[in-house]
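Please look over the sequence and the structure shown here before reading the report.

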Amino acid sequence: MTDSLAEGAAPLPRPYAPAGSAARALPRRLAPLGLAAVLAAAAWWLAGQPGGTRLALSLTFGALFGFVLQRSRFCFYCQWRDFLVEGDPRGLLGILAALAAGLAGYAVVLGAWMPDPGGTRLPPDAHIGPVGPVLVLAGLVFGAGMAVSGSCISAHLYRLGEGSPTAPFALVGTGAGFVLGFATWNPLYLASVSEVPVLWLPRHLGYAGSLAAGLGLLAALAWVLLRHLPVAEPEPRARPATRSDPLRAVFTGRWPVWLGGLAVGAIGTLAYLRVGPLGVTAEIGGRARQAAGSLGLLPERLEGLDSFRGCATAVRDAVLTPNGLFIGGLVLASFAAALAAGQFRPARPTGGQVLRGLVGGALLGWGAMTGLGCSVGTLLSGIMAGAVSGWVFGLAMFAGAGLTLGLGRRTGLLA
């Protein structure tokens, strides 16, 4: 403004704004605060119940995880697709940042819990699974499911909070895929899984050696990706900073993926310290197993399944479970974040979206059940814990996604 208010002068008239604009903006501002208050109240109530501390922390970590995923658009498939199709490696660098932060954090936690990793024991609850051809097959199928449905399971959950038309069908398909996985588990277990080793790097290299090897491999991958960084465009002249800028950056602007990755690594470490490893399929798999059992669709016995580490698919008797609350917190927090940023955009699904969601979801569910977890449980939490299974699943997953995307683009079935 060029004119200031003189003492005793009448105030200058405000620019005209439509009468309904403020009314429409009010729910967008209040609804996220209301959802945050509901989550906080639920966590406070759970913490006051007998044995409820773990449930309260699960809800809290799920909400933090969902908020970070939505704000940074942290999605394994999307970042991989951006690199393959557009040559942009920044998203993959964010995934490497998450793994590096988690590797360092887990090393501190595990070193305190198990000073000597050289024995026969494995760290409590860590996602360390068998390494063999079945794990590779699971990763390939899971990756194909990502390409067909458009996201991994964790991304479908946070996009559910954004109103994605595909996510509900992908999650239904994921449940069906778990049932298919239970049906094929016994022959795969007897033919291969029961015979392959469970490999934990700290047992062979020590914590320092395992951390150095993991960070060294991540650094080598980062060096390759950094060579593909796009040329930075000149930044426009910065406008004067205002008090609302920090809030806008947090709640409405997209976070850099590297920042989201560091936050994911920190959440993964804290969650493991207080509750358990990050994972989003234990509840889905457990409920699918419960439903399949009640319908007579399960084998009489699932050989060796419950003896492995990973996103356990045990039948759920309780209404509230740690992983169920984690998923609930994830979806509600991503919904609140999407509302605050104006990114909640529900749409009527097309036939193609329904079909891709169901088919891709079934592939995701089969791969996650057979691989004892998904891109979060097996890849992210596994690599952070020093599990060879995390690396193998991840390589197979990205290969499956890349091959399926390439075939789909050639045939015109995928964009």
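## The chain as a whole

This is a predicted model, and its protein chain has 15 helices and zero strands. Of the 415 residues in the protein chain, buried residues make up 49%. Among contacts in the protein chain between residues at least 6 apart in sequence, 84% join residues at least 24 apart.

## Helix H5

Helix H5, which covers residues 133-149, has 17 residues and reaches 24 Å from its first C-alpha to its last, close to the 24 Å expected at 1.5 Å a residue. H5 is mostly covered, with 13 of its 17 residues buried. After H5 comes Gly-150, whose phi is positive, near 100 degrees.

## Helices H6 and H7

Two packed helices are described by the angle between their axes and the distance between the axes. For helix H6 (residues 153-160) and helix H7 (residues 167-191), the axes come within 9 Å and cross at roughly 140 degrees. Angles over 145 degrees would count as roughly antiparallel, and H6 and H7 are therefore oblique to each other. The crossing in which H6 passes H7 is left-handed.

On the side of H6, the contact is made by Ile-153, His-156, Leu-157, Arg-159 and Leu-160, while H7 brings Ala-167, Pro-168, Ala-170, Leu-171 and Thr-174. Sorted by class, the contact of H6 with H7 has seven nonpolar residues, two polar residues and one charged residue.

## Helix H10 and what covers it

Helix H10 (residues 257-274) has 18 residues, which should span 26 Å at 1.5 Å a residue, and this agrees with the 25 Å between its end C-alpha atoms. The buried residues in H10 include the glycines Gly-260, Gly-261, Gly-265 and Gly-268, and Val-257, Val-264, Ile-267, Thr-269, Ala-271 and Tyr-272 are buried in H10 as well.

Which helices are among those that cover the buried residues of H10? The cover includes helix H2 (53-72), helix H3 (76-86), helix H4 (90-113) and helix H14 (375-384).

## Leu-332 in helix H12

Leu-332 has its place in helix H12, which covers residues 322-341. Its relative accessibility is 34%, so Leu-332 counts as partly exposed, a class that lies between buried, under 20%, and exposed, over 50%.

When residues up to four places away in sequence are not counted, Leu-332 touches Leu-35 and Leu-39. Leu-39 and Leu-332 are 293 residues apart along the chain, and their C-alpha atoms are separated by 8.1 Å.

Notes: Residues are numbered from 1 along each chain as its sequence is written. This is a predicted model: local features need pLDDT of at least 70, side-chain atom pairs count only at pLDDT 80 or more; totals for chains, interfaces and linings use all residues. Side-chain values use heavy atoms; hydrogens and water are left out. Helices (H or I, at least four residues) and strands (E, at least two) are DSSP runs, numbered from the N terminus. The expected span of a helix is 1.5 Å times one less than its number of residues. Buried means under 20% relative accessible area, exposed over 50%, partly exposed in between (1.4 Å probe, protein chains only). Axes are lines fitted to C-alpha atoms, for helices over the stretch in contact, and angles run from 0 to 180 degrees between N-to-C directions. Angles under 35 degrees count as roughly parallel, over 145 as roughly antiparallel, 65 to 115 as roughly perpendicular and the rest as oblique. A crossing is left-handed if the near helix is turned anticlockwise from the far one by less than a right angle, and right-handed if clockwise. Contact means heavy atoms within 4.5 Å. Ala, Val, Leu, Ile, Met, Phe, Trp, Tyr, Cys and Pro count as nonpolar, Asp, Glu, Lys and Arg as charged, and the others, Gly among them, as polar.
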